[in-house]
Amino acid sequence: MLRTIIETLKESEFSKNIIPRGVYLTTIQKFQKGQTDVEGLSEKEDREASQRIYSLLLKLAEKYLKHLEKTDPDEYSKVMDELSSLEEKEKEKHLLELGGVKSKSVLFLIDEAHRSHYSTLGAMRKASFPNCVTFGFTGTPIFKYERNTFVEFSYPDEKEYYLDVYFIEESIKDRFTLPLAYEVVKEGDVKAEGIQIRLTEKEIADFIKEYMKKRGKIEELLEAKITKKEIRDNITKAKVILLNPERIDKLAKYIVDRIEEDTENFKFKAMVVAVNRLGCVRYKRALDKHLVEKFGEEAKNWSEIVMTYNYKETDREILEYMEELRERRGSKEYSEINKEIQDEFKNKENPRILIVTDMLLTGFDAPRLRVMYLDKPLYEHRLLQTIARVNRPYEDKEYGLIVDSVGLMEHLTKTMAIYNLLADEDSEIKRDLELNLMKSIEQKFSEFELKFNSLKEELKTLKVAGEDIGIDLDAVKKALKTSEGKEEIQSKIKMLAMLYTENEEFSAKLVRIVNEMKRILRLYKALGAYTQKIVYVEDVQALAYIYYRLRSIISPKAARLGKGFWDELRSYIYERTVVEEFKEVGRTKLEPEKIDKLVSEFTEKFGEDELRRKIVNQLAGYFFYIRNFVREKTYDPVYRQIAEKIEKLRIEWILRAVSTKTFLAKLKAIEDEIEEYKSKTEGKPLEDRLKESMSYYVKQKVGKEVGFSNTKKYIKNLVSRKTKILPKQESELKTRILEDLFLASVEEKEAVKLTDELSEYIKEEMDKLWSERR
């Protein structure tokens, strides 16, 4: 359908017999073109189907040229001369421009415009209709560098960010939505810790040693490479705190004890937002237990879960619940069961409580829903969208209630402040967006093309000892389409793997090439919905294909500790965790007359504005001097950490989270920190300088004094060798760093993370030394 519409509209440009008109509905996915996830090399849609629009634009360009040849031979000759002078990619770009629908009488109305218009699919839409008028509707625009609703939908010439704003305050005054009461609860008294993991570092270390001893060699701990993803997936706030069965049980009891009052004796309904699907199941069990204890057997039907179900599920608790759900609801599809539960929640007495984690957080309207028990970290636009589930008007409902048990109040006020500032024509946040987020995308695209073409040529002409080992990305593209030549590519990759282990100079070169590939893939992703990027989709797929295979050569998979280890460690942590009873620690009402007061620290203050105006130029010079000095040295982890502090401080000042006086004081403290660090490191031999850098960094990160005596000795040995660090030496270096960190009782998960960071830093310093010697 979409293909036919585009073809008809384009042909109407050079045929008086075609007069297109009408209103059409289409899904944005139809504009996709073989998009590749460069982080995981996974096809997101069928390649053949997704190529149709792209191929159609090229076909329509040919039709247009044939029409031009008949109606305006001079213009045709001019265009053909121009095309013949262009290189392949430039010619393809020009043909896409010729094939696009030029009519300005095409109007796009795009709902939920913040969601999906920032990648190749957005670029294809703009290539197909370059001159159309587009209106984007959203309640929560996004303003990040790679995904910016304002960049994609604002009027390009006049720099207007929006056509119209209807903000929360107006909506409440007009009674389209209700005010929100926001309550913060936590474990224990206001001044108490509330939840305490009563484990010493020694106890955790002993547990790890005992676990490894049961399975063989203690050396496995050093050999096993614990990735950031494993730590993120296994030892996180979600799994160690928010999924703790004892904590969930106590919070469920707290909810049951207050739910009559919160729902006005169940005149209204409630929603519990759990951290993940396992959390949903645990809340269901705990809530049912306490509901039945308080209200009797009838209460076992008061709660239901709405979440996604996986037929290949591996978690035991979720599997057991799925079987139970099928028994209660019959052998229906899980999607049908979810829909049935939603309908019952809206239209029947039971269920009275919905338990969710991702589903129903946006776009779910149930006016009778009054209270949300929020036990999942959510930020920015997702947080605003989620809490809006309880603000729908209903008979006798005066306001919606959020009961926050994860402490998101600060994030909510900052997010509301940003949107308030964006609605203010003169706000500084808009000027900051213009300066920092709306940089020329053409420059970024030119940078991508330059880097990509340079790397493509280097890959193609790779040689070792006169032997050709190059990889042609055009051949890789062909192989991915037809499988022709795939064996030759695989054999070259195997040759590269062999040379990497045998040839020191080539191994360094291959590492550099792989790192450059990673930068180029990230740069392509950062181009968002820039139209011209679509001519490189298949090139990027080919590059990603080679990148992930070469990366596996230079970073082979190491031993893993396995699921059993993480399960046992979490159970051990649960056993030694004490959870206090939940209590209210703060409450506020987010109604029109109080919104300004709530976000006052982020909005205009007369004296503050006067101070900012008077010193802004001098302040900018001082700030950028410090920031630029640090940015040149971000290979050093200490300076990288300082750079992050500076960026955070800049955002806080823009959002008025800190006053100008506080900003200056903090900036001066950062300057003093730089001077202190310079005094510890400058002018010293490399091994001493690296030792001081590592000690300073670890002290800042985890508060531990680490001498790094073993690491220093090994670095001194490496310096005397006068060569680059080889893979075997890198492994030994990591072992020394890890030993020094364990000797200082640094926690295992922190130690592994720090080891990776510090070894990378040492390698870069040694590489520089090696380059200087050459």
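Is Cys280 buried or exposed, and at what relative accessibility?

A: Happy to take a look with you. Cys280 is buried, because its relative accessibility is 0%; buried means under 20% relative accessible area, exposed over 50%, and partly exposed in between, with a 1.4 Å probe and protein chains only. Please keep in mind that this is a predicted model, in which local features need pLDDT of at least 70, side-chain atom pairs count only at pLDDT 80 or more, and totals for chains, interfaces and linings use all residues. Residues are numbered from 1 along each chain as its sequence is written, and side-chain values use heavy atoms, with hydrogens and water left out.

Another cysteine, Cys132, is also buried, with a relative accessible area of 16%. The whole structure contains zero disulfides, a disulfide being a pair of cysteine sulfur atoms within 2.5 Å.

Thr386 counts as buried too, at 0% relative accessibility. Thr386 sits in helix α17 (residues 380–387); helices (H or I, at least four residues) and strands (E, at least two) are DSSP runs numbered from the N terminus. Setting aside neighbours within four places in sequence, Thr386 is in contact with Leu361, Met372, Leu374 and Leu378, where contact means heavy atoms within 4.5 Å.

Now to the wider chain. Buried residues make up 47% of its 774 residues, and the chain has 33 helices and 13 strands. Of the contacts with a separation of 6 or more, 75% come from residues 24 or more positions apart.

The axes of α3 (residues 52–71) and α4 (residues 73–84) come within 6 Å and cross at roughly 135°; axes are lines fitted to C-alpha atoms, for helices over the stretch in contact, with angles running from 0 to 180 degrees between N-to-C directions. On the α3 side, the contact is made by Leu65, Leu68, Glu69 and Thr71, and α4 brings Pro73, Glu75, Tyr76, Val79, Met80 and Leu83. By class, this contact has seven nonpolar, one polar and two charged residues; Ala, Val, Leu, Ile, Met, Phe, Trp, Tyr, Cys and Pro count as nonpolar, Asp, Glu, Lys and Arg as charged, and the others, Gly among them, as polar.
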